[in-house]
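Visitor: Hi, could you walk me through this one? I'd like to start with the core.
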Amino acid sequence: MTVILPIFTKGNFESLNHAVWQNGRTCLLKGGIMNQIEKYRIFSAGKAFGHRAKIALVLLDSSTAYEELKEEASQSMVAGSYDCAGGEPAVILERIALELICRDIRNTWYLPDNVKFWDRRFGNLFETKFFCYDDEVETWSKILYKFFVKLQWMPKREDYISTRSYNNGWGYFAELLAVVKQNNHPEFDKYYEIAVQNGMNPVVLERKVQELSEIKQSFVEL
């Protein structure tokens, strides 16, 4: 069956919405059947990465969403638009994911595996703790090496005006360690020692482990 789609001007989504009749994973558009990927491409055409990513995560299955987004997501920065922020793809996608599941962006630095709804390949693509599933041991090893060795981003005491701010500077590293500690990652001890030797107070990790437990519990209580 040949599908003839009506022509819509850019941004004329009200007309498009009136033309669409949804039924499960297909939609009828003025007499023709259109699958989800075609629907995604119509809705996302000409939009900034952030908008397209949100549409992809909502409309498409996780594998297809990854395939549609991976090329731009692999870039260091993506452009925005007047109503959509640009920046690092991983940061943009993390914000979108938290918005979609109605979580506080400021306080949720971890999601349990049973809540993660994206393709596992995003974890390997971004090499950040938020996107990596807990059981991806090899990817976690890459993440630990990246942040504790390769990037050389660990805080230096002389760069901070107070002990409190210095301890806060270790926060992200402690979050990484908290996750791999609870997951019994085989390299936890190695990277914990690197952190302590470079000045991290063990209390910082203890606090993050407690935060992690509270975050996990908050999902159990839903």
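Guide: Happy to. A nonpolar core is a set of buried Ala, Val, Leu, Ile, Met, Phe, Trp, Tyr and Cys residues joined through side-chain atoms within 4.5 Å. Buried means under 20% relative accessible area, with a 1.4 Å probe and protein chains only. This is a predicted model: local features need pLDDT of at least 70, side-chain atom pairs count only at pLDDT 80 or more, and totals for chains, interfaces and linings use all residues. Residues are numbered from 1 along each chain as its sequence is written, and side-chain values use heavy atoms, with hydrogens and water left out.

Visitor: How many residues does the largest nonpolar core have?
Guide: That core has 58 residues, and Leu 93, Phe 122 and Phe 148 have the most contacts inside it. Helix H9 (residues 171–182) gives the most, 7 residues. Helices here are DSSP runs of H or I, at least four residues, numbered from the N terminus.

Visitor: What is Phe 148 in contact with, beyond four places in sequence?
Guide: Its partners include Met 154, Phe 173, Leu 176 and Tyr 191. Contact means heavy atoms within 4.5 Å.

Visitor: Switching to H2, which residues are buried there?
Guide: In H2 (residues 36–44), they are Gln 36, Ile 37, Lys 39, Tyr 40, Phe 43 and Ser 44. Seen down the axis, they fall within an arc of 155° (taken from the directions from the axis to the C-beta atoms), so they line one face of the helix.

Visitor: And what follows H2?
Guide: Gly 46, with a positive phi near 75°.

Definitions and conventions
Buried < 20%, exposed > 50% of the residue type's maximum accessible area, 1.4 Å probe, protein only. Helix = DSSP H or I, 4+ residues; strand = E, 2+ residues; numbered from the N terminus.
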